[in-house]
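Trainee: Could you show me how to read confidence, pockets and burial in a structure file?
Mentor: Gladly, let's take them one by one.

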Amino acid sequence: MHQGLRTLLALVLILSSISVSSSSSSDLSPDFYAFTCPNVQLFVRNTVSFFSTNDGTIPGKLLRLVFHDCMVEGCDASVLIQGNGTERTDPANLSLGGFDVVESAKRLIEVMCPGIVSCADILVLAARDAVEFTGGPLVQVPLGRKDGRVSLASNVRPNIIDTSFSVEEMAKTFSSKGLSMEDLVVLSGGHTIGLSHCTSFSDRFQKDANGSMVPIDTSMEKNFASELMKKCSANATAATTVSCDPVTPNQFDNQYFTNLLNGKGLLRSDSELVNDPKAEALIDSFSKSQNSFFDSWAESFIKMTSIGVKTGDDEGEIRTVCSSANG
């Protein structure tokens with residue numbers, strides 16, 4: 001064999017071994033399934049549209065679901081696995097929804113492209129499409145994630161944002177995932193859609209001597225606080241929910257940021273953002289320009305959905321069923 005050809009083949013083998021042994025978000029690509037399952041995005045989009053048309057709460061649930069997945073074990077669909085002691089059993093995840101949307105899309109894709117598309121990619125696409133379905137930007141997300149094999153409830157609390165967190169605590173959690181203060185503010189803007197249980201912000205109220213709810217958080221606008229007290233009265237059940245955005249609850253827009261500036265942030269963690277000068281400047285900017293928010297959303301969403309991705313065969317797998325690891 002010619003010496004030059006042998007050298008070229010050796011170089012190809014070296015580069016191939018590098019791409020197999022090292023795995024990172026740089027291994028992802030929007031065209032990952034271009035030849036193996038070219039219609040995967042259409043399959044997911046149609047599934048999300050069907051479910052969301054019949055249930056307006058689905059988009060918010062899918063967005064929350066992908067966040068809870070990516071922040072714990074990375075974006076590997078570990079939150080979808082059922083069983084004792086899995087992430088789904090942690091109290092912070094008991095109110096999650098949208099699982100049936102991902103499972104339905106997976107069943108369809110397994111018929112058309114068996115063993116090709118991961119549940120992790122389906123979940124990211126579903127959340128992406130949920131944003132577009134409610135009027136937000138269409139984000140070109142990179143694909144190629146593998147599904148994780150580990151799902152432990154004990155991993156949830158140390159990694160997830162609690163609604164009682166201060167700005168410093170939220171920023172620290174985000175920083176540990178490679179996300180910035182700007183990412184924190186931008187991704188909090190996802191609360192422009194979705195619902196929250198009354199128990200998620202009950203610490204902003206207390207019962208008076210007559211058993212009536214009264215606000216103890218003076219940062220809330222008075223009329224807004226009154227409405228919340230009515231909806232989350234003493235007669236409310238644990239299942240009672242309130243729209244995160246009281247103005248345009250079903251529209252993905254920049255209203256969330258205007259709400260914060262007007263004292264209408266639903267969760268304590270939302271309202272805390274305006275107490276940080278850098279965060280407040282971003283909030284003010286996004287409240288004035290929806291295009292600016294949408295552009296930043298695309299960047300931050302891609303960053304978040306690239307946290308801790310697994311791409312090598314030694315790191316993950318392509319599940320046959322999203323709720324259960326293979327084997």
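Trainee: What is the mean pLDDT of the protein chain?
Mentor: This is a predicted model, and the mean pLDDT of the protein chain is 91, with 91% of its residues at 70 or more. Residues 4-23 are another matter: there the pLDDT is below 50, and the stretch has 8 contacts in the model beyond near neighbours in sequence. Where pLDDT is low, the predicted coordinates should not be read in detail.

Trainee: Now the pocket. How much space lies in the largest pocket?
Mentor: The general idea is that rolling a probe the size of a water molecule over the atoms shows where empty space is left. Here, the largest pocket holds about 1,300 Å³.

Trainee: Which residues lie nearest its centre?
Mentor: Of the 47 residues in the lining, Arg 64, His 68, His 191, Leu 195 and Leu 267 lie nearest the centre. By class, the lining has 21 nonpolar, 21 polar and 5 charged residues.

Trainee: Which element gives the largest share of the lining?
Mentor: Helix α3 does, with 7 residues. Elements that supply at least two residues each include α6 (167-176), β1 (195-197) and α12 (290-304).

Trainee: Let's finish with Ser 296 in helix α12. Is Ser 296 buried or exposed?
Mentor: Ser 296 counts as buried because its relative accessible area is 11%, and the cut-off for buried is under 20%. Leaving aside neighbours within four places in sequence, Ser 296 is in contact with Glu 182, Val 186 and Phe 286.

Definitions and conventions. Residues are numbered from 1 along each chain as its sequence is written. This is a predicted model: local features need pLDDT of at least 70, side-chain atom pairs count only at pLDDT 80 or more; totals for chains, interfaces and linings use all residues. Side-chain values use heavy atoms; hydrogens and water are left out. On a 1 Å grid over the protein atoms alone, a cavity is a set of points where a 1.4 Å probe fits but cannot get out, and a pocket is an open set with protein on both sides within 12 Å along at least five of seven lines; lining residues have an atom within 4 Å of a point. Grid points are joined across faces, edges and corners, and a volume is the space filled by probe spheres set on the points. Helices (H or I, at least four residues) and strands (E, at least two) are DSSP runs, numbered from the N terminus. Ala, Val, Leu, Ile, Met, Phe, Trp, Tyr, Cys and Pro count as nonpolar, Asp, Glu, Lys and Arg as charged, and the others, Gly among them, as polar. pLDDT is the predictor's confidence in each residue, from 0 to 100. Contact means heavy atoms within 4.5 Å. Buried means under 20% relative accessible area, exposed over 50%, partly exposed in between (1.4 Å probe, protein chains only).
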